[in-house]
Amino acid sequence: MINIVIIEDEKPAARSLERKLDKLGYCSMINLSSVEEAVEWFGLNDEPDLIFLDIQLSDGLSFEIFEQVKVNSSIIFTTAYDEYALRAFKLNSIDYLLKPIQEDELKNAVEKFQNNRSAIFGFNQQFDLFKQFMANTNTVEYKERFAVKVGAQIKIILRTEIVCFYSENKATYIQTTEGRSYIVDYTLEELEKMVDPVDFFRVNRKFIVSIKAIKDIYTYSNSRLKLNLINLESEDLIVSREKVNEFKKWIEK
C-alpha cells in the first residue's frame with residue numbers, strides 16, 4: 001500500500017493521472033492544486049510516501065510548499081517543460097514524467113520508487129541543493145500582457161484576453177475575446193518564443209491559438225483538424241497535418 005498525493009493545478013491532468021494510477025492498482029489520497037492548499041494540507045495531515053509534484057502551480061512554483069512545511073516524502077516530478085524535468089533529474093529525484101504522461105512511463109516511475117524505497121532520500125534532504133540549483137539557473141519568463149496602439153492611445157491586452165495571434169497582409173494581429181483585433185509589432189516567429197507553450201500553440205503558418213479560446217475541433221481533409229475559436233471562425237484555422245499529433249498532445253496537457 002502506497003500513500004500518494006497529487007499536486008497539480010490543471011484538473012484534467014490531475015484526473016488523468018489519478019485514473020492511470022487507479023488502473024495500475026494505486027490510489028491517491030488527495031489532489032492538491034496550489035501552493036497555499038498544499039501547505040495547509042501538509043500542516044494538518046501525515047505526509048504521504050510519494051508525491052506527484054507539478055513544478056509550476058497557479059500561485060507559484062511548487063517548491064515554495066517545502067519552504068513552509070517539512071516533508072520527507074519521495075517525489076516524482078510532472079512537468080510540460082524539458083528544462084524543469086532536467087533540473088529534477090539532476091537533483092536525484094525518484095523520477096520525472098513529461099506531460100502528457102504515458103502509462104508505461106508512469107508504471108516504470110512507481111516501480112522505481114518501490115524498488116529503491118529504502119534507499120530514497122526525502123525531499124527536504126535535497127532541498128538546499130535544489131534551491132542553490134534554482135538560483136543559478138535562469139527560468140523562462142513569458143509575456144503576460146501586450147501594449148498595442150489604438151489611434152493616439154495605448155491599450156493593454158492581458159494574456160487571458162487573447163484568442164489568437166495571426167498574420168495577414170504582412171502584418172501580425174492579436175484577436176481578443178471581445179472580438180476585436182489589433183496590430184502588434186512582432187512576427188509570429190517572435191511571438192512563439194514570447195508566449196507560454198502550455199497556453200498557446202502554432203497550428204500553422206498563419207495562426208497561434210490559445211487553448212482557452214478553442215470552442216470546437218473538427219476532423220478535416222488530409223488528416224488535418226479544423227478549429228473554431230471564441231468570436232472567430234476562419235477557413236484558415238486548420239491544424240497542419242505535420243502538427244496534428246503534437247497538437248493532440250498539447251490539448252491533453
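Which strands are included in what covers the buried residues of H7?

Reply: Strands S13 (200-202), S14 (207-210), S15 (214-220), S16 (224-229) and S17 (238-239) are included in that cover, with contact meaning heavy atoms within 4.5 Å. Helices here are DSSP runs of H or I with at least four residues, strands are E runs of at least two, and both are numbered from the N terminus. One caveat before going on: this is a predicted model, so local features need pLDDT of at least 70 and side-chain atom pairs count only at 80 or more, while totals for chains, interfaces and linings use all residues. Residues are numbered from 1 along each chain as its sequence is written, and side-chain values use heavy atoms, leaving out hydrogens and water.

Now the helix itself. H7 spans residues 244-251, and its buried residues are Val-244, Phe-247 and Trp-250; buried is under 20% relative accessible area, exposed over 50%, partly exposed in between (1.4 Å probe, protein chains only). In general, an α-helix has 3.6 residues a turn, so residues three or four places apart point the same way.

Back to the cover: the loop between S13 and S14 holds Lys-206. With 30% relative accessibility, Lys-206 counts as partly exposed. Leaving aside residues up to four places away in sequence, Lys-206 touches Phe-165, Tyr-166, Ser-167, Leu-188 and Asp-236. As for Glu-168, that residue and Lys-206 are 38 residues apart in sequence, yet 7.6 Å apart in space, C-alpha to C-alpha.
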